[in-house]
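Please examine the structure below with its sequence at hand. The paragraphs that follow lead through it step by step.

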Amino acid sequence: MGAFGRNNVTVSGREDGRPMLFVHGFGCDQQMWRYVTPEFSDTHRVVLMDHVGHGGSDHAAYDPARYATLDGYAADLVEILEELDLRDVVIVGHSVSAMIGALAAIRAPQRVGALVMVSPSPRYLDDDGYVGGFQREAIEELLDSLDANYLGWSSAMAPVIMGNAERPELGQELTSSFCRTNPDIARDFARVTFLSDNRADLARVPVPTLVLQCAEDVLAPDAVGQYVADQVADATLVRLRATGHCPNLSAPEETVAAIKAFLPRVGAGV
Amino acid sequence: MSDLPAAAERLDGDPPLHELLERDADDLYDHAPCGYLSALPDGTLVKVNTTFLRWTGLRREDLVGRRRFQELLSPGGQIYHETHYAPMLRMQGSVREIAVDIVRADGSRMPALVNSTLKQDADGNPLLVRTTVFDATERREYERELLRARQRAEESEARARVLAQTLQQSLIPPAPPAVPGIDVGAVYRPALSGEEVGGDFYDVFELPAGDWAVVIGDVCGKGAQAAAVTALARHTVRAAAIRESRPEAVLSLLNQALLRQDAPRFCTVAYARLARRPGGDVEVHFASGGHPLPILVTGTMRPRSAGRPGDLLGVMPEATAEASTLVLEPGDALVFFTDGITEARRGEEFYGDERLAAALATRREAAAQPMAQGLVDEVLAFSGGLPRDDIAVVAVRAAPAA
């Protein structure tokens with residue numbers, strides 16, 4: 001079915017606009033960009049996707065070997081850009097997908113023009129001289145949380161499914177909503193996300209990069225955002241007033257404004 | 001409300017009525033049988049009830065205006081909060097029955113189930129998050145036990161599947177061997193999921209004199225016992241075929257071996273000895289022990305069954321089978337099959353002998369492997385892709401003249 005169907009790719013916005021590929025992070029799907037993308041659809045071609053195992057992606061396409069590292073996910077991004085034949089793309093990646101976007105830019109510099117890293121972290125675990133914010137035990141606890149909430153997810157989904165039955169015209173939108181994730185794949189993705197170390201890749205990012213750093217983000221503390229900005233050659237660090245880890249949800253206006261201020265400085269492509 | 005004066009009368013001398021009617025909202029809030037928290041959209045706590053403080057040992061003055069809800073969670077829970085809880089709450093306005101661990105003042109963990117609702121202003125902007133907290137210590141322990149049980153079940157299921165597949169592969173040749181001058185094709189398709197060892201088997205092997213033997217059989221039942229009988233049948237036929245050249249004698253030895261089993265097991269087997277003759281003909285000596293008769297496919301005739309029926313094996317002390325001999329001229333084929341073919345069903349309808357003959361007639365020019373595969377594909381399509389019984393087909397064809 002190709003990358004388009006595999007990753008539930010949706011394309012909207014202005015047809016001749018500069019393409020922007022929005023990539024969701026761990027625990028969610030493309031719905032988490034719903035407050036952000038409308039602000040770009042008049043000027044840009046907006047491309048959304050779900051990682052395999054998330055949202056409306058083809059869960060059967062999940063291959064534990066391919067997705068054992070973030071590179072497998074980055075390869076998916078590149079395949080999407082190739083399939084749509086997009087160039088000079090702005091990749092906007094949240095959380096772990098900020099790093100996945102960086103890896104895609106390294107793989108396909110001819111297709112990627114700029115990178116926006118929202119709440120990025122190249123390594124979540126503490127290391128000698130590096131504060132990622134977490135000890136290994138926290139990751140094991142997270143995996144327990146995922147298991148413990150296996151049933152919780154299905155009950156959280158119940159109203160969605162009911163609403164869907166009553167309002168079939170919203171079927172597609174509703175059933176693809178709210179972070180539907182295959183539990184087994186979510187476990188794998190949690191491991192890959194929180195145990196990977198991509199610090200060395202930052203220096204190889206070949207495109208102008210915007211780093212958006214929230215206040216009081218336990219997942220990606222301020223020092224980590226600063227580290228990312230220091231390592232990427234052409235990086236701009238913007239500290240948001242927004243707190244937490246998901247400014248695309250909690251402070252969409254501020255997030256949009258920061259991206260809009262950054263884009264003109266990285267050209268409109270060729 | 002009309003009952004109230006009567007209630008008041010009845011309760012005269014008991015605790016004041018207003019306590020029984022829950023008119024004290026503060027008391028109702030503070031001593032509710034659940035923890036109750038209110039927080040700003042960023043998680044900063046603005047109100048906490050007494051039940052929550054009592055459960056956790058935390059102090060109101062340390063929480064309100066000072067700490068965020070997510071900071072009360074274990075580190076793993078904090079990640080879960082940031083990656084799942086908060087996004088879902090923002091997008092759907094509520095989340096419920098989320099399992100988290102709350103860290104008490106003494107550092108111990110309280111397993112909890114939490115529900116949250118998001119209070120929004122008229123424009124949909126978030127104002128407050130209201131959260132109820134339920135102590136789920138025992139429930140969580142029970143759920144952990146369920147999870148462990150599920151993991152164990154999945155592990156044993158996986159082991160059983162590997163075992164069944166390994167056993168199956170040892171009983172069914174991965175592909176029929178190349179036989180000089182004879183074109184042999186074979187297909188085996190286990191029923192449904194393939195988690196159990198099926199009862200059908202086939203074998204193709206060389207005999208000392210340069211002849212070849214073809215065996216196809218169907219053991220009653222499935223699973224480990226059926227696999228044991230299949231293995232016995234297969235090895236017995238191989239051994240008997242060396243001692244006996246007559247097909248009916250081979251089947252008789254198998255019958256005796258089956259009767260020596262403690263557990264009564266019966267099976268149907270067709271056995272054929274193939275001998276090449278000058279000019280490309282293949283002489284087939286064969287007999288059936290209760291097994292469906294093979295179908296002869298020639299260039300002109302309508303495909304028809306060949307040979308004589310014989311007794312089921314493993315039931316009676318003497319199983320009678322009569323051997324037949326026929327000659328395959330170059331291009332002719334003899335197709336052995338199990339009843340998974342003819343008894344394949346679509347609703348109440350069987351695939352049957354007529355369809356089988358027709359399917360082979362359209363493939364009379366085909367080589368043995370595509371002939372067998374095409375037949376099985378047609379049967380699978382007929383039964384909607386899900387065979388209820390195992391299917392085995394072995395086609396032998398005298399190699400056509402070059």
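Which residue just after α6(B) takes a positive phi? That residue is Gly93(B), with a phi of about 80 degrees. Helices (H or I, at least four residues) and strands (E, at least two) are DSSP runs, numbered from the N terminus.

This is a predicted model, in which local features need pLDDT of at least 70 and side-chain atom pairs count only at pLDDT 80 or more, while totals for chains, interfaces and linings use all residues. Residues are numbered from 1 along each chain as its sequence is written, and chains are lettered from A and ligands numbered from 1 in the order in which they are written.

The helix α6(B) itself has 18 residues and reaches 25 Å from its first C-alpha to its last. This is close to the 26 Å expected at 1.5 Å a residue, where the expected span is 1.5 Å times one less than the number of residues. A kink of about 50 degrees is centred on His81(B); the bend at a residue is the angle between axes fitted to the seven residues ending there and the seven starting there. Because 15 of its 18 residues are buried, α6(B) is largely enclosed by the rest of the structure. A residue is buried if 20 or more other C-beta atoms lie within 10 Å of its own, exposed if 12 or fewer, and partly exposed in between, with C-beta atoms placed from the backbone.

The contact between the chains takes 27 residues from chain B and 27 residues from chain A; two residues are in contact if their C-beta atoms, placed from the backbone, lie within 7 Å. On the side of chain B that touches chain A, α6 (75-92), β3 (94-103) and α7 (137-171) each supply at least two residues. The largest share, 15 residues, comes from α6(B).

Strand β4 of chain B (residues 109-120) holds Asn115(B). This residue counts as partly exposed, because it has 16 C-beta neighbours inside 10 Å. Leaving aside residues up to four places away in sequence, Asn115(B) touches Val95(B), Arg96(B), Glu97(B), Thr131(B) and Thr132(B). Its C-alpha atom is separated by 8.7 Å from that of Phe134(B), 19 residues apart along the chain.

Chain A, finally, contains eleven helices and seven strands. Buried residues make up 50% of its 270 residues.
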